[in-house]
Amino acid sequence: MDFHQYTLTDIDFTKVSRYSYFPWMDLTLAHFQVNAMEMEVNQANFQVLENYTDFEVMILHTLPTTAVFCNCPQTGFCRHQKAALSKLFTQENWLAFFDHNRYQHLLKKVAAQYGLEKEPSLENYFAAQIKAGKLEFLLKDKQLTSIDDFDLVEESLVPKKVKTTAEQQHHFVVLTRNRYYKNLQILLCQAPMTKSGLPKNPISASESQSRIWQSSSIEEMQFYTAVYQFSQAMQQDIEISSSLKAVAKNPLHLDFYLHDYEKSDNITASTLSPVQFNLNKGEIKLFITKKGAFYTIQGEIHIHTIAHNLQDLVVLLDHFILIKNQLFLIENRFHLKLIRLFGNKGEQLLIHQRKFEEFNRLFLEQIAHSVELNFKDIPKASKPQLKENLYYQDMQPLLFLEESEDFVNLIPVMRYGEVEIPILSKRNIFGTDSKGTQFLVDRKREAETKVISLLLKQHPYFQEQMDEGSFQHFYLHRKYFLDSNWFLDAFEEWQHQGIQIIGFNTLRGNKLSRFKGKIHVEVLSGQNWFNANIQVKFGPKSVSLKKLEKAVRNRSQFITLDDGTQGILPQQWLDKFEAYFNAAESIADDFIEIPKYKFNEIDQLFDQAELDPIVLAELSTLRKQLANFSSLSEVQIPPTFVGNLRPYQQQGLQWLHFLDGLNFGGCLADDMGLGKTIQILAFLATQKAKGQSAPTLLVLPTTLIFNWRHEIQQFLPSFQTLVLDGPNRIEKGMQFEQYDLVLVSYHNLLTDINTLKKNNLQLCHIGRIAANQKPGFPAIQNGKFIKIKKSHYFNRNSYRE
């Protein structure tokens, strides 16, 4: 026979018990006989007997859904399915198959007989089965032995086991009122049980403080701590809400009883009623209607989709309401006031119209964030009214940040036009049009829910706080909130989704930028350099590379931005930019210049997407030229050079030409006396023969200027030479165009650098730099020429030694 299926989504097996109530329960089904046939984790098969006919019911639980199957001819949620579920809730051992904590609790009791209660995986030792409707645990390894197995030993040698009163005791929790201070008191009690499963006299209090340290989990420790705190007559410095929640979680699955202290101050079996402690908050709704000169206010609380009139409820023990056998915790003090008010006044409240405005301000507005207010006489906004005030056209999600001692509160808000509404509140949006007519604006719940879901994704604590539902905001300790590994990624995602963050830099002592740094790199090809244009931005604020270099050299993870905030430099940035700056010959505010002779480092420094197509082609050409290099080409020496080169000098000239063809600089490091000067002069002659017209600058020690001038006259007699020295050298320096060579000392170069930069120079040769370099020059020992970028020292190509 086919099975029909019904699915439920409101069953939480960690909380259900024999006192649980659901709207679909039917007391008329109590006569059905329900037997458990097979059970395994989150699955059970039952036989349901009705009028001598057997029906099979299967229950499959996959969080958050519970699927129930039955082979009867009915459809929908049939009475056999309801009977099987109702029976399941009353059997603690059966529920263990659907609740891991219950299962482990029972398993530990069995394991304790074998000394295995603290082993991590008890399922390796025991298997569960249902026999005659009862749960049994079987040994997987029959060689495991407990003390109870020694029944073969002679009885006279074994002391007889005496069942103590403690072994027969059943522990449970009693909620009562202190007889002197009249405040809530929660006691851990013990008593023997009747056959029907209820406690019987004598009932005694059980000590809870020592159990705190014997707890095997955090939840158990919190449970016993809260019970101990509430057991005291004087309850100072106790956090009521969180402590009651710790009790309600009931990790030991103890039964709860409500003490009727009006009947007797003493706790006896006749004064106890079984209850289920429930954390379902419910939703309070008020309905406000104007009738004549009065406003009528009616109230309901909706729990499990069932509405209960507020006037029918009674506040118990200052914190609870009792509905049937379920005790609901009411955390909000305004809600408690509201329930008491309706309890005193009856079905409705009557407020005269002259007092309603004051009542609205002093009371309704105070609870509007947590109570749904329904104004039946105020119409919903029409399309013209919505358009007039731009409620939907100008919607903006906001996240306000504010401090609360050592915590940071995150308050999600949706702005509708000029109205800001906390998303986690139930506040209405009221508007008034140009004619003075009042109206209500529907909130866009879908857009608000999206904002909340974006927040929940960024921290696991937020989901816990959302489940508690005690606040209209989320919160984090400052230490966790200001962790750059968290807030930079979270803020970036929220801002990307259009959420505007307000108040970050108003937090006490916080100078951090809320923006994650962004880098944009574009590498272009210059004449003798690779120009890497690098933009570093923190939100709208840019950072100069010079300022960034200082931070990187100091290994600082922070850099001060123009608005005074501190941008955060990740470790990978420090490593990346250190490599950039080490490779650079020149660092400007927004670009660095890398000599082309370092072309092999470009691929290591930059991603391919950051390289201009011309740079990629140039790198490919350079690699091919160097890979195919076999010998130096002959160089024809022009007649302007008067002299002869030895073979090794000819090779030096060819080497200089080869490097020049690649736009590289180089270094002549021949020993003293082997004619480095004549090679340079020969190279200059070939450069002029190729059409070079701009003068060449020779930077020399003062003591060598005379020698160089003499050799220029000997080997290049046709070259026009200028020596920049003497008091009139500045005037001479303004007429470079008519000269081929300009000689200057190190000292005069540094002194007159600003004047020299104004002239058009082609090459720069720097000779004989000492081991202790002159200020302003790169240290290259035993060199003859060195190439520098045109804007670093002068205006055009230059070579260095």
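What volume does the second largest pocket have? Notes follow, point by point.

1. **Ground rules.** This is a predicted model: local features need pLDDT of at least 70, side-chain atom pairs count only at pLDDT 80 or more, and totals for chains, interfaces and linings use all residues. Residues are numbered from 1 along each chain as its sequence is written, and side-chain values use heavy atoms, with hydrogens and water left out.

2. **The pocket.** The volume of the second largest pocket is about 1,500 Å³. A pocket here is an open set of points on a 1 Å grid over the protein atoms alone, where a 1.4 Å probe fits, with protein on both sides within 12 Å along at least five of seven lines. Grid points are joined across faces, edges and corners, and the volume is the space filled by probe spheres set on the points.

3. **Its lining.** The second largest pocket is lined by 40 residues. Lining residues have an atom within 4 Å of a point. His 105, Leu 106, Lys 109, Leu 252 and Leu 254 lie nearest the centre. Two or more lining residues come from each of α2 (92–95), α3 (100–112), β8, α4 (209–214) and α5 (218–231). Helices (H or I, at least four residues) and strands (E, at least two) are DSSP runs, numbered from the N terminus. Helix α3 gives the largest share of the lining, eight residues. By class, the lining holds 16 polar, 13 charged and eleven nonpolar residues. Ala, Val, Leu, Ile, Met, Phe, Trp, Tyr, Cys and Pro count as nonpolar; Asp, Glu, Lys and Arg count as charged; the others, Gly among them, count as polar.

4. **An open sheet.** Strand β8 also belongs to an open sheet of eight strands, in the order β10-β9-β8-β11-β12-β18-β17-β16, with mixed pairing. Its edge strands, β10 (204–205) and β16 (315–316), each pair on one side only. Two strands pair if DSSP finds at least two bridges between them. Strands of a sheet pair through backbone hydrogen bonds, either parallel or antiparallel.

5. Strands β8 (residues 170–177) and β11 (residues 255–259) run parallel, joined by four bridges. Leu 175 stands opposite Leu 258 in β11. Strands β11 and β12 are antiparallel, again with four bridges, and Phe 256 faces Val 275 in β12 as its opposite residue. Strand β12 (residues 272–278) is mostly covered, with five of its seven residues buried. Buried means under 20% relative accessible area, exposed over 50%, partly exposed in between (1.4 Å probe, protein chains only). On to β18 (residues 326–329): β12 pairs with this strand in the parallel sense over three bridges. Gln 276 stands opposite Gln 326 there.

6. **Strand β29 and its partners.** Which strands pair with β29? Strand β34 (residues 591–595) runs antiparallel to β29, with five bridges; here Ala 532 is partnered by Ile 592. Strand β30 (residues 541–543) is also antiparallel to β29, over three bridges, and Phe 538 is partnered by Lys 541. Strands β29 and β30 form a hairpin with two residues between them, and Gly 539 in the turn has a positive phi of about 65°. Strand β29 (residues 529–538) is mostly covered: seven of its ten residues are buried.

7. **Aromatic pairs.** The count is 40 aromatic pairs. Rings of Phe, Tyr and Trp (its six-membered ring) pair if their centres lie within 6.5 Å; planes under 30 degrees apart count as stacked, over 60 as edge-to-face and the rest as tilted. Tyr 6 and Phe 77 are stacked, at 4.4 Å centre to centre and 5° between the planes. This pair links distant parts of the chain, 71 residues apart: Tyr 6 is in strand β1 (residues 4–8), Phe 77 in the loop between β5 (65–70) and α1 (79–90). Tyr 6 counts as partly exposed because its relative accessibility is 32%. Phe 77, at 16%, counts as buried.

8. **A tryptophan pair.** Trp 486 and Trp 494 have ring centres 6.0 Å apart and planes at 80°, so this pair is edge-to-face. Trp 486 is buried at 11% relative accessibility, and Trp 494 is buried at 0%.

9. **Charges over rings.** Lys 82 lies over the face of Phe 77, 5.4 Å from the ring centre. Lys 290 lies over the face of Tyr 295, at 5.8 Å. The rule: NZ of Lys or CZ of Arg is within 6 Å of the ring centre and within 35 degrees of the ring normal.
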